Amino acid sequence: MRDEPTFVEHVRRDLLDVRWPEPQEIRARARRRSQRRIVVSTVVLALAGVSAVAVAAPRTSPPPVHPAASASPTRHEITTDALLQPTDLPQPVYVQLSQAGLGEPVRLEDTLGRCRTSQGRSDGWQMSILSRSQTLMRKPTQGGVLVPGDALVVQDLFRLAPEAARQLFTSLDDLVAPCAEWRSIQQWETVDSTHTVEVIHRWAVVQRGFAGDDAAILRDSPTAPRDVRTGQTLTNTPPPTLLAVVRVGDTVSLLRIADDDTEAKLRQLAVAAAARMCAAANPAC
């Protein structure tokens, strides 16, 4: 048992955040959309009238255009089309859960952060300006109820200040280095007793530069939990934790897949994510 939130726990967090609107709320939203359409139509008609007046006015020389005025406008919002889409996955996706946030840390993995803070260091997380997260799920298997086992991939997409986005990658090796071999002590509960166990976490950057402007795969290879008092190993060695980090311009995406998936599959998803991120990145791709 690892002491960090697993892929399943990330999904459970997302499922807890899901709120299905009440019928009266859906009707209220529909009314607001209709009102917005009326306002937009009114504004368009008003602008059309202004344009007609402008045609009748005497011609004057147009003001000089600064070269920067023709450049692509700066993007601020992260729209859902900048996230992975169901067609990017090899298997069918039936449910897509999404949420947005402001001013959140780019938290790579909680275990990595605890490793650093246990040594008197900062967790090393960069702060984002805004973010959007999603969980892609397969068709529910238990009577139509979503459960963590139905999750295929968890994605967090952040917008950072450009220098902070670049700094995340230039400092990545230094961020991971103190946790190349970290001994974690935790409590392990069984049916009849509680054990104090140790787990050795070995963090490493195992792949780089395969997608976007920057990309990396981080891997944590933990040992099986061992009882500190008896030396007994309590379970089999767990699978490694895999995390892909991708940068395109000022956007950074974190991708996590199920524990039984491979680095090759994670890399393929990271390449697809980088292509999608162009819809939100500054400068434009």
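The legends below describe close-up views of a predicted model.

Local features are given where pLDDT is at least 70, and side-chain atom pairs count only at pLDDT 80 or more, whereas totals for chains, interfaces and linings use all residues. Residues are numbered from 1 along each chain as its sequence is written, and side-chain values use heavy atoms, with hydrogens and water left out.

**View 1. Confidence along the chain.** The predictor's confidence in each residue is its pLDDT, on a scale from 0 to 100. The chain has a mean pLDDT of 80, and 72% of its residues reach 70 or more. Helices (H or I, at least four residues) and strands (E, at least two) are DSSP runs, numbered from the N terminus. Among the elements of the chain, strand β7 (residues 214-220) has the highest mean pLDDT, 98, and helix α2 (residues 23-56) the lowest, 40. The pLDDT is below 50 over residues 29-70. Beyond near neighbours in sequence, this stretch has two contacts in the model, a contact being heavy atoms within 4.5 Å.

View 2. A disulfide is a covalent bond between the sulfur atoms of two cysteines. Here it is counted as a pair of cysteine sulfur atoms within 2.5 Å, and this rule gives two disulfides. One of them joins C115 to C179, with 2.1 Å from S to S. C115 lies in helix α3 (residues 110-117), while C179 lies in the loop between α5 (172-176) and β4 (182-189). The two cysteines are 64 residues apart, so the pair links distant parts of the chain. The link is left-handed, with -115° about the S-S bond. Both C115 and C179 are buried (under 20% relative accessible area; exposed is over 50% and partly exposed in between, with a 1.4 Å probe and protein chains only).

**View 3. The disulfide of C278 and C285.** C278 and C285 are joined with 2.1 Å from S to S. This link is left-handed, with -90° about the S-S bond. C278 counts as partly exposed because its relative accessibility is 24%. C285 is exposed, at 62%. With bonded cysteines counted along the chain, the disulfides follow the pattern 1-2, 3-4.

**View 4. The nonpolar cores.** A nonpolar core is a set of buried Ala, Val, Leu, Ile, Met, Phe, Trp, Tyr and Cys residues joined through side-chain atoms within 4.5 Å. The largest has 30 residues; L84, V153 and L266 are among those with the most contacts inside it. Helix α6 (263-277) is one of the elements that supply at least two residues each, and its share, seven residues, is the largest. A second, separate core of 23 residues includes C179 and L218.
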